[in-house]
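Subject: Structure handover

Hello,

Here is the structure we spoke about. Please load it first, then read the notes below.

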Amino acid sequence: MNYRSTRDPNAQLYTDAQAIIQGLAPDGGLFVPAAFPQPQFDLTRLTTSSYQQLAQTVLQWFFPHLPTTATVPAAYGAQWDHPRIAPLTPVHAGSYYLELFHGPTLAFKDVALQVLPHLLQAAKHQTKDTKETIILTATSGDTGTAALRGFRNVAGTRVIVFYPQHGISPIQEAQMRSQQGDNLHVVAVKGNFDQAQTTVKEIFNDPTLAAVLASHQQHFSSANSMNIGRLIPQITYYFSAYGQLLRQGVIQAGDQVNFAVPTGNFGDILAGYYAAKLGLPVGRLICASNKNNVLTDFFTTGTYDKRREFFVTNSPSMDILVSSNLERLLFDVSGGDAELVQQLMHELQDQGHYSLPTELLTKLKQLFAAEYATPDEIQTEINRVFKEANYLIDPHTAVGSIAAHRYRTLSDDPRPCVVVATASPYKFPETVLQSLDNTVPSQSTGLDAIEQLAQLDPRPLTAGVEELFTNQPQPVLTTTPAAMPRMVLDILKKTDK
Ligand SMILES: *Cc1c(COP(=O)(O)O)cnc(C)c1O
């Protein structure tokens, strides 16, 4: 299977291995399949397929020439605390919740970041690439922990994660600080997430640093959802959800299903779009945003405008104004018009906004709906779902839940709706407790809030949550944004053999 850049009118081809190793195309575009797979599959078989079988099938569709037989058993094994990996709850307070938080770091990033290291290794093996891969990430919480967990002790890789010293939740910090692996480095930055993110991008593009790395047989790579190897594994859970609805007797084979997806960088929902393109009967994809509602405006008006205030909300993993993966959707809906994509992306960069041609917006509206929720509405929704169904949801899932409800009320659409549950309520226990009118322990370490929340929860604590209590926090390095490049060099020098 070959890949190409969303911004290259000449459609230069790359192998799947090259696309995964490089992460981003040289012209700044994103890798997409040069010809989208058109597989034949039997929907009724979905009821009996295990998650692992589905994952294997999806990987084979997109990476048929990569040696990936060992990937799936390693990625979806005992580190998951539910045998179905992505269980779908029966209907709760009007919605089905697809729980994607049963992995080791309690958020849906694990679904892909448990796979990506194995894909990267397979790709390097195939291309006889013996360089050490330095995964560099700035994180506002979930990606960093999931990347550390996914890449720990993976041969030929090293991970350096920068997080804002006062910008992540106590649980996220505890998770990040307790990761154990010889190849993992966690650095707290005295600054905010944007400063860390901007400096990471500068480090990526610094020719001097690149030369130093090359002389040590090393190269930088990224673990964020711009990498096609992180995106594709997420397609699996849409198929798995459909199979579970069939098995529960909610639908018949061929019936359409809607999905409400809490969205930030547009990776999760794009995987749903790809599932529909592969032939899964998807009705509407409901793009659910928080108060940073740039996508809601985009799907309503066709104009993407990032020139607006940035809000720090109680669903921090969705606090984002530039949704990178939207570029892949634009490419696809325009029939692969790389010139148009290039033009729109340059407008976004230079002027901060762009507008989609009307006929493309009309096309998008046939498949997508969009809603958003404010922090207060999120708290009310967590409260409502718990009162009505005795079921705890996290603030990100609550955004999806609100969007599903609002869409159903406005549209009268009778098709069943799956809310994609992206994080465990135990990852954000303070917000959940507050929403349930409970006082939050002052100076919460996260763990005390978890214990308090557990007393309200009818379900037993999962192994992933239990583990938080046995973790031993390690001392972390600290730096300033300006000193980050120096820190990278120091880390690499110390570990050089
Ligand atoms: C990353 C994340 C999201 C947003 O997913 P995208 O693929 O970036 O749209 C939503 N919820 C949680 C909990 C996340 O960690």
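How many residues does the largest nonpolar core have, and which have the most contacts inside it? The core has 107 residues, and F62 and F299 have the most contacts inside it. A nonpolar core here is a set of buried Ala, Val, Leu, Ile, Met, Phe, Trp, Tyr and Cys residues joined through side-chain atoms within 4.5 Å. Buried means under 20% relative accessible area, exposed over 50%, partly exposed in between (1.4 Å probe, protein chains only).

A word on the source. This is a predicted model: local features need pLDDT of at least 70, side-chain atom pairs count only at pLDDT 80 or more, and totals for chains, interfaces and linings use all residues. Numbering starts from 1 along each chain as its sequence is written, and side-chain values use heavy atoms, without hydrogens and water.

Back to F62. Leaving aside neighbours within four places in sequence, F62 is in contact (heavy atoms within 4.5 Å) with M1, Y3, D16, P33, F36, P37, I232, I235 and L278. A second, separate core has 36 residues, including I393 and Y407.

Next, the helices. Helices (H or I, at least four residues) and strands (E, at least two) are DSSP runs, numbered from the N terminus. Helix α13 (residues 294-301) packs on helix α16 (residues 358-367) at about 115°, with axes 8 Å apart. Axes are lines fitted to C-alpha atoms, for helices over the stretch in contact; angles run from 0 to 180 degrees between N-to-C directions. The two helices, α13 and α16, are therefore roughly perpendicular (65 to 115 degrees). F298, F299, T300 and T301 of α13 meet L361, L364 and K365 of α16.

Now the sheets. Two strands pair if DSSP finds at least two bridges between them.

- Three bridges join β7 (residues 184-189) to β15. V189 stands opposite T479 in β15.
- Another open sheet of five strands runs β4-β14-β9-β10-β13, with parallel pairing. Its edge strands are β4 (96-99) and β13 (368-372). Four bridges pair β4 with β14 (residues 417-421). Y96 stands opposite V418 in β14. Helix α13 lies across β10 (282-289) and β13, at about 140° to β13.

Best regards

Notes: Parallel < 35°, antiparallel > 145°, perpendicular 65-115°, else oblique.
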